[in-house]
Amino acid sequence: MEIFSAIREVGEASHRNAISISDTPTQLTLSAGKKSIEIRVVGLNTVYYGGSNVSSGNGIPLRRREMKIWNNCQSGFSVYLVCESGKSSEVRVVEYA
């Protein structure tokens, strides 16, 4: 299976440290000076994304090896990530200028 990134017309890529996601929502904020952010689930459990009160019942699921891209974001963009109760997973993050 091939996975392609759909980010176009962006500048330099910057990786961030991997993030451990638990059953408590974790805020992921775009760094200053960056326009786009890409995440990929590398842990075994599904990660859900959404607003500050995201849960496994109302969030959008991302399974292992799936990715999500937010492109041309406004300054201060953030999203929350969470796993099901009692589970955790790891997410890798790349940002683009």
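**Salt bridges**

I looked up E95 and found it buried, with a relative accessible area of 2%, where buried means under 20% relative accessible area, exposed means over 50% and partly exposed lies in between, with a 1.4 Å probe and protein chains only. I note that this is a predicted model, in which local features need pLDDT of at least 70 and side-chain atom pairs count only at pLDDT 80 or more, while totals for chains, interfaces and linings use all residues. I number residues from 1 along each chain as its sequence is written, and side-chain values use heavy atoms, with hydrogens and water left out.

I then asked which side chain meets that of E95 in a salt bridge. The partner is R16, at 2.9 Å from N to O, a salt bridge being a side-chain nitrogen of Lys or Arg within 4 Å of a carboxyl oxygen of Asp or Glu. This pair links distant parts of the chain, with R16 in strand β1 (residues 13–21) and E95 in strand β8 (residues 89–96), 79 residues apart. R16 is partly exposed, at a relative accessible area of 28%.

The structure holds 2 salt bridges, and I also looked up the one between K87 and E84, whose closest N and O atoms are 3.8 Å apart. K87 counts as partly exposed at 37% relative accessibility, and E84 is partly exposed as well, at 30%.

**Aromatic rings**

I counted 2 aromatic pairs, using the rule that rings of Phe, Tyr and Trp (its six-membered ring) pair if their centres lie within 6.5 Å, with planes under 30 degrees apart counted as stacked, over 60 as edge-to-face and the rest as tilted. Y49 and W70 form an edge-to-face pair, 5.2 Å centre to centre with 90 degrees between the planes. Y49 lies in strand β4 (residues 47–50) and W70 in strand β6 (residues 67–70), so that the pair links parts of the chain 21 residues apart.

Why is the pair of W70 and F77 tilted? The ring centres are 5.7 Å apart and the planes stand at 45 degrees, so the pair counts as tilted. W70 is buried, with a relative accessible area of 13%, and Y49, W70 and F77 form one aromatic cluster.

**Whole chain**

Finally, I found 0 helices and 8 strands in the protein chain, where helices (H or I, at least four residues) and strands (E, at least two) are DSSP runs numbered from the N terminus. Buried residues make up 33% of the 97 residues.
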